[in-house]
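Work through the exercises below with the sequence and the model at hand. Try each task before reading its solution.

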Amino acid sequence: MVVLVGWSGTAEGAAALERGAVEAQLRDLPLAVLDLGARDDHGEAARRAVAGLQPAPAAVRVLPRPEHQEPVDALLDAVVAEGAELVVVGTRRRSPVGKFLLGSTAQRVILGADAPVLVVKAGREGGEA
């Protein structure tokens with residue numbers, strides 16, 4: 001069992017990572033961070049973000065997104081493969097019309113995950129709101 005975070009190099013990804021680390025500590029579970037960002041850096045940005053966590057989680061693994069797989073599908077597959085007890089994702093603020101017209105990645109994760117999903121919003125300064 002792990003706490004699984006869907007991470008990207010955005011304020012929303014940072015908020016998800018921060019909250020995921022807290023949840024992992026509260027539950028005494030390892031943290032798995034699925035790097036949903038650019039694949040050309042081979043997970044380096046995700047590893048730097050994890051290294052900057054204070055306090056640092058006891059056990060953390062950065063997982064690459066499989067090539068040619070959409071982020072939502074990769075996250076849903078990782079939920080099963082990692083035995084996630086909780087999934088943490090970030091979301092951006094959008095208007096009700098924007099949500100209606102564009103759909104929601106977070107909504108797809110919520111509806112498709114075989115584990116509880118915690119959705120966090122980035123604060124105005126990039127932290128968790």
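Predicted model: local features only at pLDDT ≥ 70, side-chain atom pairs only at ≥ 80, totals over all residues.

Residues are numbered from 1 along each chain as its sequence is written, and side-chain values use heavy atoms, with hydrogens and water left out.

**Exercise 1.** State how many salt bridges the structure holds, then examine the pair Glu85 and Arg27.

Solution. 
- Step 1. A salt bridge is counted when a side-chain nitrogen of Lys or Arg is within 4 Å of a carboxyl oxygen of Asp or Glu. By this criterion the structure has six.
- Step 2. Between Glu85 and Arg27, the N to O distance is 3.0 Å.
- Step 3. Glu85 belongs to strand S4 (residues 84–91) and Arg27 to helix H1 (residues 11–27), so the pair ties together parts that are 58 residues apart in sequence. Helices (H or I, at least four residues) and strands (E, at least two) are DSSP runs, numbered from the N terminus.
- Step 4. Glu85 is partly exposed at 28% relative accessibility, and Arg27 is partly exposed at 34%. Here buried means under 20% relative accessible area, exposed over 50%, and partly exposed in between (1.4 Å probe, protein chains only).
- Step 5. Arg27 and Glu85 are also part of a network of salt bridges that includes Arg19 and Glu23.

**Exercise 2.** Locate the salt bridge between Glu44 and Arg47, and the one between Glu82 and Arg61.

Solution. 
- Step 1. The closest N and O atoms of Glu44 and Arg47 are 3.1 Å apart.
- Step 2. Both residues sit in helix H2 (residues 44–51), three residues apart, about one turn of the helix.
- Step 3. Glu44 has a relative accessibility of 38%, and Arg47 has 37%.
- Step 4. For Glu82 and Arg61, the N to O distance is 2.1 Å. Glu82 lies in helix H3 (residues 71–82) and Arg61 in strand S3 (residues 60–64), so this pair ties together parts that are 21 residues apart in sequence.
- Step 5. Arg61 is partly exposed, at 40%.

**Exercise 3.** Which residues form a nonpolar patch on the surface?

Solution. 
- Step 1. Patches take residues with over 30% relative accessible area and no salt bridge; like charges are joined within 9 Å, nonpolar side chains (Val, Leu, Ile, Met, Phe, Trp, Tyr) within 5 Å.
- Step 2. The patch consists of Ile110, Leu111 and Val119, together with about 280 Å² of accessible area, computed by the Shrake-Rupley method with a 1.4 Å probe, where for residues only the protein chains shown count as cover.
- Step 3. Ile110 lies in helix H5 (residues 105–112) and is partly exposed at 45%.
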